[in-house]
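Please look over the sequence and the structure below. A short report follows.

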Amino acid sequence: MSDQSQQKQPVVPPEEFAAQANVGAEIYDRAAEQGQEFWAEQARELLSWSQEFTETLDWSNPPFAKWFADGTLNAAYNAVDRHVEAGNGDRKALLFEGEPGDERSYTYAELKDEVSKAANALVSLGIAKGDRVGIYMPMVPEAVISMLACARVGAIHSVVFGGFSADAVRSRMEDGEAKLVITVDGSYRRGKPSQIKSVVDQALADGAPTVENVLVVKRNGEDVEWSEGRDHWWHELVDDQSTEHEPEPMNAEDPLFILYTSGTTGKPKGVLHTTGGYLTQGAFSMKATFDLKPETDVFWCTADIGWVTGHSYVAYGPLVMGATQVIYEGTPDSPHRGRFWEIVQKYAVTTLYTSPTAIRTMMKWGEDIPAEYDLSSLRLLGTVGEAINPEAWAWFHEHIGGGRCPIVDTWWQTETGAHMMTPMPGVTAAKPGSAQSPLPGISLDVVDESGKTVGNGEQGFLVVREPWPSMMRTIWGDDQRFIDTYWSRFEGMYFAGDGARFDEDGDFWVLGRVDDVMNVSGHRLSTAEIESALVSHPSVAEAAVVGAADETTGQAVVAFAILTDDAVDEDRPKDELSEELRAHVGKEISPIAKPKRVLIVPELPKTRSGKIMRRLLKDVAEDRPVGDVTTLADQTVMDQIVDSLGK
């Protein structure tokens, strides 16, 4: 697809927004001039240190970085205590909306007390600095409180997404040698109660012998099995604890958490993040990317704490910066498809950070749904998880942001810890679909196979050339795997598998995983670009593209498309529409990119984090039996797809 057809006209920030923005264009030059000291300045300005650091970066043993290594601080103190001490204890910290519609809120003073009580409870269970604690919970306040309580005592938390299987819980607890698991009796899923503790029980029955205790929040009253001596109710153990607890001073390089990346085979890959650098870049990105005004903003990141976005932009970033934030337990479509917009209206949300997958889903439902709600409180929108296609960007901008809200399209990863590339909302003329520029202080590049920078208009591999504060420090227990996985492809550069290109202006366009780049008759084609072309057709709500083995071309483009509700209602043969969509891709990109087949399907296979499992679609495209579906949010989806195609 040409840059022009993707970009259309860059969207300039509103003058009023730009005039009041936290950072201006000069920050890029300042960051470049100061180098590492730019990050030292952010660390001193945005965090509270119990012992000031004197050394910014130790890169004497690459790729093992140490940032602010002789300084000490505590993440929980930075997230709660210091705001109370500064006289902001009455400010709302958490606004909780339950899936059934129940609600709770916590001021910073109340949150400090709850985190202190939970910390004392952890100590009573023998948890000390350096111990690992598993957390397997839905999006309830106790989940964030548990993470902060671990940080407060110096324990390393390992959060497992609350929809993962017993085997996933067991393998992660075994790898980290956890001593404690914190969970809930159950939760709710689209209006129905669900069990969660039973998954932990199964995991511990199958293994994880280091787990000595299980702490259980009573959320929905589900009947649970009980192991006397091992299991403890939160309300019985935590509620009566003292609200006084002295935070453990932590070295800036002490581990804060392990988070296991999804989709790996074999032994899980535990990404290790430490304290000082991680908090620094997270806080800076809250200030710069999200233009946070803690006195007036209501921030809502819709991610679950089971993913890195929920760590950096729910549990830590917003609280470290003293924000008021919404956390929501449920899904966008229960009890109705306007649930997100109802919450935005109810809490007067000013900043909404969500995924392109959610946006495309809500596009499919129609613009009339958000039109029923008052979204005038919104002033900034953000996207995360994958590159957003320009059509979804435009819909988000117009129908959610009212054409007035800048959109920050953020690229980063579990491994990077915080934003690495994004438009600056008060500075950048946004190109829909492009994350555009590195965060100030970050050194990104696009290189060819030999590691040389590509020219404008060319594509290659997205790399980080210099260490950054919130970078992962290693893979838990496996330094060599860390080197081999991230630092062996290009000498001296971090590479985690994404492709990108420079446009004619030198702006970055992320193309997705390099294994999602197909080679058709010698032409390299990005699945993301073809998917974007398909979604630009008015009949297509969402699309996924795979490369299938082909005797003639090496690989053939096979596309799977979900239709919009309006298109589904049309009495039109699928074959006719498929041909129209093939031709549309040929027109939008090139005849070379025209899919060999466009298969119209009722749904796409997605993990619980919203990522499309293209390997399963590749199985269908190559007429193989469908592989393992256990990581899918809905394991019946592949049956629906196969049935719809008559296979």
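## A sheet of strands

In which sense do β28 and β29 pair, and over how many bridges? Strand β29 (residues 554–563) pairs with β28 in the antiparallel sense, over 10 bridges. Two strands count as paired if DSSP finds at least two bridges between them.

The open sheet has three strands in the order β28-β29-β30, with mixed pairing. Its edge strands, β28 (540–550) and β30 (597–600), each pair on one side only.

## Basis of the model

This is a predicted model, in which local features need pLDDT of at least 70 and side-chain atom pairs count only at pLDDT 80 or more, while totals for chains, interfaces and linings use all residues. Residues are numbered from 1 along each chain as its sequence is written, and side-chain values use heavy atoms, leaving out hydrogens and water.

## The whole protein

The protein has 21 helices and 30 strands. These are DSSP runs numbered from the N terminus: helices are H or I with at least four residues, strands E with at least two.

Of the 647 residues, 62% count as buried, meaning under 20% relative accessible area (1.4 Å probe, protein chains only). Along the principal axes, the C-alpha atoms fill a box of roughly 70 × 60 × 50 Å.

## Helix α5

The buried residues of α5 include Ala75, Val80 and His83. Helix α5 (residues 75–88) bends by about 40 degrees at Asp81. The bend is the angle between axes fitted to the seven residues ending at a residue and the seven starting there.

Note on methods: Buried < 20%, exposed > 50% of the residue type's maximum accessible area, 1.4 Å probe, protein only.
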